[in-house]
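Hi everyone, thanks for coming. Let me put the structure up and then walk you through one part of it.

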Amino acid sequence: MLLIECPWCGPRAETEFSYGGEAGIERPADPYALSDAEWADYLFFRRNPRGAHRELWHHAQGCRRWFGVERDTVSYRIEKSYRLSGAGSGRPAAAHIEASKEKRR
Amino acid sequence: MSEAGPPRPRIAISVRSGRGFLNLRLNPRRGQALEAAERILGQPMPRAANTFTAGENEVYWLGPDEWLVATGAKRVSALGSELAEALGGFHAAVNDVSGGHVELLVRGADARTVLAKGCTLDLHPREFVPGQCAQTGLGRAAVLLAAGDPSTCTIVVRRSFSGYLRRWLAYAARPRGARLPAL
């Protein structure tokens, strides 16, 4: 079992968490400018690397916060975990939505 | 050799009835929302993760912007209104979640040993010290565990899980002579 360090609660057993897939995927600034292939790439395709991987985890049975983890997919070693605060914590997505609304007007 | 009766159980499981719960959400870094809530509660709110404060009420840390206030069932409605009024000017939320939660008390010298059977946290009194709380798994249920004194643990669990959890606790405590608590 993995011992995952929640940035708020400290090290907890893997069973308390749920996995959220690859981290750092940005919603395209203007979805309407994308081809179907590009949109499908954003929605469905992930890197699946062998080695270092940035991913999202949710402390489902604990503080119920999302956070980022850097994990090696070969050794399962967790290099670090970090809070999703500051730049890139979701605000840009809201800005993108506003921008795409503007374009449709 | 003298005839001894069955060993006296060193664990007691009970339901603490007449409790009310408020879920409180606010941004502790913005303005004086935390202080405003503290004035109404009449006690400090826990700022450190996984701790709680006990006073007139118990206030448990649930997340960086989320707390659970445990109080008397008769007091909860008024307290909720007072908090909502005091936090009116802030980006905050007060919700009465009394109907969804049950508070259990596990007491006795064997309390932590029994809880440790179904919990991945280190519950030794040296590690899980009075004043600490943790949301974690117990058996297959998600619970809020709080350490009172070294021989007392409070469990707050979803009402729909409380029947299961009471049976699980009774089963786990049976080798230590405990009986099934009233459902």
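This is a predicted model: local features need pLDDT of at least 70, side-chain atom pairs count only at pLDDT 80 or more; totals for chains, interfaces and linings use all residues.

**The sheet in chain B**

Pairing here takes at least two DSSP bridges between the strands. Within that pair, B:T136 has B:V143 in strand 9 as its bridge partner.

Residues are numbered from 1 along each chain as its sequence is written, chains are lettered from A and ligands numbered from 1 in the order written, and side-chain values use heavy atoms, leaving out hydrogens and water.

Zooming out, chain B has an open sheet of five strands, in the order 1-7-10-9-8, with antiparallel pairing. Strand 1 (12-16) and strand 8 (133-138) of chain B are at the edges with a single partner strand each, so one side of each has no neighbour in the sheet. Neighbouring strands of this sheet are turned by 30° against each other on average, direction ignored.

What lies across strand 10 of chain B? That's helix 4 of chain B, residues 159-173, running at about 140° to strand 10. Angles go from 0 to 180 degrees between N-to-C directions, with axes fitted to C-alpha atoms, for helices over the stretch in contact; contact means heavy atoms within 4.5 Å.

Overall, chain B has four helices and ten strands, as DSSP runs: H or I of at least four residues, E of at least two, numbered from the N terminus.
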